[in-house]
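Okay, thanks for coming, everyone. I'd like to walk you through one model today, so let me put it on the screen.

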Amino acid sequence: MFRPLSLKTFLPLKPPLLMRSKSSGTNNRLKLANKVAVITGSTSGIGFAISRRLAQDGAHVVISSRKQTNVDHAVATLKEEGLSVTGTVCHVGKAEDREQLVTTALKHCGGVDFLVCTAGVNPLVGSTLGSSEQIWDKIMNINVKAPALLLSQLLPHMEKRGQGSVVLVSSIAAYLPAIKLGVYNVSKTALLALTKTLAGELAPKNIRVNGLVPGIIETPFSKVLTEDTEYAERLKRVYEIRRFGQPEDCAGLVSFLCSPDASYITGENIVVAGFSPRM
Ligand code: NAP
C-alpha cells in the first residue's frame, strides 16, 4: 500500500548553526536559505562562480582550493559582497585536507547539505598511450577518486540533515573526447558513471547526485583554447550559440540542482555548452 512520506523526511533534522554576515541575515526567503554548501576547487573559474551564486541564493558556502592565498582572496571578495562564506585549504587528493574541509564545515556551519566537486586537473597534453603511470594516477586520483572519497567522508553528516544534493563537475570531453586530452577524457567520462552510480546508491538516503557537464567556459583552465584566436574562431563555428561559456552560465544550473525545484531530479548529467552533443 502507498504510504505518504511525512514532511519530516524532507527536512533537515537540525537547523544549521550558521555564521552569517550582516547583509545575508534576511535570507530566509531565498531558495537556499539555511543550507550549507561545500565546494572544492572554488577559488577561481567555475567553482568560484558557483560559490558566489549559491551564497547569493542564501546558502552559507565553504570555499576551498590548494593555495591559502587563493582561499583568502576568494573569501574576502565574497564577504565584501555581503555573502556568507568561510574557507579552508583543501587539496582534494590529500586525505588530511579533505578531513580538514569536513571539520571546517561542521565547526562553522553545524552540518552540510550540498557538495559540489569542481576541482579537476589535466597536467598533460599528449597521447593516451604515451601517458605515464604517474599521469594516469594523478588525473584519476584528483578527478574521479577524490570526489567519491570526500563524499564518503561527508556522507554521515549529510545523512543527518535528512536530504542533500551533490553535483560532480565533468566535461564535454566526456561525450566528445578531445584529441591529446586522452586520460582527462577518460576521467571525465568516469565521472558520468560515478554520478549515475552514486545517484542510485544514495537515493534511499534522500541525497540526489547530478552532474554538470560544461562545454568550453572562459577560465584560466581553458585559456590555452580560448586565447588561441584562430582555434577559438574555428571552435565557435561548431557551437550553436556562437560564443564560449562564462562561469556564471554553469552557476545557475548548480543552484537549481541544489534547490527544492530539483527535488525529483537525480542521476542526470546536464550539458552546459551552447550545443548538445547527444540525443
Ligand atoms: P580554474 O579556473 O583553473 O579553477 C580551478 C580551481 O580548482 C582553482 O580554484 C584551483 O585553485 C582549484 N584546484 C586545482 N587543483 C586542485 C586540487 N587538486 N584540489 C583542490 N582544488 C584544486 O578551472 P575551471 O575552468 O573553473 O575548471 C573547474 C572544473 O571544470 C574542472 O574540473 C575542469 O575539468 C572542469 N571543466 C572546465 C571547462 C572549461 O572550459 N573551463 C570545461 C569542462 C570542464 P588552487 O590552484 O588554489 O588549487
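Let's start at T219, which sits in the loop between β6 (207-214) and α6 (223-226). A word on names: helices (H or I, at least four residues) and strands (E, at least two) are DSSP runs, numbered from the N terminus. Before I go on, this is a predicted model, where local features need pLDDT of at least 70 and side-chain atom pairs count only at pLDDT 80 or more, while totals for chains, interfaces and linings use all residues. Residues are numbered from 1 along each chain as its sequence is written, and side-chain values use heavy atoms, with hydrogens and water left out.

So, is T219 buried or exposed? With a relative accessibility of 14%, T219 counts as buried. The cut-offs here are under 20% relative accessible area for buried, over 50% for exposed, and partly exposed in between, with a 1.4 Å probe and protein chains only. Leaving aside residues up to four places away in sequence, T219 touches G45, I46 and P247; contact means heavy atoms within 4.5 Å.

T219 also brings us to the ligand. How many residues surround the ligand? There are 31, and the closest are T43, S65, R66, Y184 and T219. To be in that set, a residue needs one of its heavy atoms within 4 Å of the molecule. By class, that shell has 13 nonpolar, 15 polar and three charged residues. For the classes, Ala, Val, Leu, Ile, Met, Phe, Trp, Tyr, Cys and Pro count as nonpolar, Asp, Glu, Lys and Arg as charged, and the others, Gly among them, as polar.

Now the polar contacts, meaning pairs of N or O atoms within 3.5 Å; within protein, one must be able to donate a hydrogen and the other to accept it, and residues adjacent in sequence count only if both atoms are side-chain atoms. G45 has a backbone N or O atom 3.5 Å from an oxygen atom of the ligand. For K188 we're looking at a polar side-chain atom, 2.9 Å from a ligand oxygen. And a polar backbone atom of I217 is 2.9 Å from an oxygen atom of the ligand. On its own the ligand has 890 Å² of accessible area, and the protein covers 94% of that; those areas come from the Shrake-Rupley method with a 1.4 Å probe, and for residues only the protein chains shown count as cover. Which elements give two or more residues to the shell? Those are α1 and α5 (182-202).

Let's take α1. This helix covers residues 45-56, twelve in number, and reaches 17 Å from its first C-alpha to its last, close to the 16 Å expected at 1.5 Å a residue. That expected span is 1.5 Å times one less than the number of residues. Nine of the twelve residues of α1 are buried, so α1 is largely enclosed by the rest of the structure. Among them are G45, I46, F48 and L54. After α1 comes G58, with a positive phi near 110 degrees.

Over in α5 we find G200, which is partly exposed at 48% relative accessible area. G200 and L54 are 146 residues apart along the chain, and their C-alpha atoms are separated by 25 Å.

K180, in the loop between β5 (164-169) and α5, has a positive phi of about 75 degrees although it is not a glycine. K180 counts as exposed, at 53% relative accessibility. N206 is in the loop between α5 and β6, and N206 too is not a glycine but has a positive phi, of about 65 degrees. At 22%, N206 counts as partly exposed.

Last stop, α8, which runs over residues 247-258.
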